[in-house]
Amino acid sequence: MHPRRPLDLVTLAAFCVLSCSPLVSVLGRPATFLQDFHVTWADSHIRQINGGATIQLILDQNSGCGFASKRQYMFGRVSMKIKLVPGDSAGTVTAFYMNSNTDNVRDELDFEFLGNRSGQPYTVQTNVYAHGKGDREQRVNLWFDPAADFHTYSILWNHHHVVFYVDEMPIRVYKNNEAKGVPYPTYQPMGIYSTLWEADDWATRGGLEKIDWSKAPFYAYYKDFDIEGCSVPEPASCASDPKNWWEGASYQQLSAVETQRYRWVRMNHMIYDYCADRSRYPMIPPECEAGI
Ligand SMILES: *[C@@H]1O[C@H](CO)[C@@H](O)[C@H](O)[C@H]1NC(C)=O
């Protein structure tokens, strides 16, 4: 398999140098729910609307639900537009994550959206598991109402770093510090997962705020799936090809503008960082000291 690339003008132009034909469409296509994903939990609670362009996830007292990519990927960028549960969403968790599905040596990159009482801010929790170890939570309160509109949530994963984006704002960077002995996901492909579930024992104000089932069913919406990466199985050369766009010079570190945005998020919206939690980690975890 070849990596999927966006059918953008640069790609078109490059292609046209060789031969410009209508076959250009074989270069890539947007990911679609039907072709690229399947339901993993509670078929009855996932609906395709707008002809399958938008997916509705349902949580009620009977069940939550989930879906996952059919394939696994090695490096790349995955993004989705998500509209979260509106109103009183306390106790609900909507998740979007990548996972190697290898429990003992799990690699996982998590976005978890923790609901809240009406009018209280939604919290985005991110976590990074590398080679089986997680416990690297960070939390950011969103600066907009993520249930009013769709917003884009992306995970960039290359040989240099993992970056979690909310729209164009980097909210988390986990750098490849393997050279300093810090584990980094480099050798296992990961699938893409989404779930909507109840977690009122911990999600909202540490479990103090319970889910209000009288407001059920709860709905979250997903659309515009975009997967650009090396899908597995395929020649291993794809994942290590430095010519993949996501490995390019401008993706190896944050740009100056992104660095400013990242600083703004951390200064104004970060509410928890395991790196600064001395009661939990009397010794600062090595990746926190290794810098971004
Ligand atoms: C919910 O709102 C409270 C009060 O504003 C806030 O402290 C908390 O961080 C918010 N998020 C969660 C997940 O509890």
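Two strands pair if DSSP finds at least two bridges between them. Strands themselves are DSSP runs (E, at least two residues), numbered from the N terminus. With that in hand, here's a walk through the structure. It is a predicted model, in which local features need pLDDT of at least 70, side-chain atom pairs count only at pLDDT 80 or more, and totals for chains, interfaces and linings use all residues. Residues are numbered from 1 along each chain as its sequence is written.

Let's start with the sheet. It is an open one of eight strands, in the order S1-S4-S13-S6-S7-S8-S9-S15, with antiparallel pairing. Strand S1 (37-41) and strand S15 (270-273) stand at the edges with a single partner strand each, so one side of each has no neighbour in the sheet. From one strand to the next, the twist averages 15° (axes are lines fitted to C-alpha atoms, and angles run from 0 to 180 degrees between N-to-C directions).

Now zoom in on S7 (residues 108-114). Five of its seven residues are buried, so the rest of the structure largely encloses this strand. Buried means that 20 or more other C-beta atoms lie within 10 Å of a residue's own; exposed means 12 or fewer, and partly exposed is in between, with C-beta atoms placed from the backbone. S7 pairs with strand S6 (residues 92-99) in the antiparallel sense over seven bridges, and there Ala 95 stands opposite Glu 112. S7 also pairs with strand S8 (residues 123-129), again antiparallel and over seven bridges. Here Asp 110 sits opposite Asn 127, while Phe 113 has Val 124 as its bridge partner.

Leaving out residues up to four places away in sequence, Arg 139 is in contact (C-beta atoms, placed from the backbone, within 7 Å) with Thr 123, Val 124, Gln 125, Ile 271 and Tyr 272.

Finally, there's the ligand. Among the residues surrounding it are Leu 114, Thr 123, Asn 141 and Ile 271. The shell divides into four nonpolar, five polar and one charged residue. In this scheme Ala, Val, Leu, Ile, Met, Phe, Trp, Tyr, Cys and Pro count as nonpolar, Asp, Glu, Lys and Arg as charged, and the others, Gly among them, as polar.

How values were computed. Near = placed C-beta within 6 Å. Helix = DSSP H or I, 4+ residues; strand = E, 2+ residues; numbered from the N terminus. Contact = placed C-beta atoms within 7 Å.
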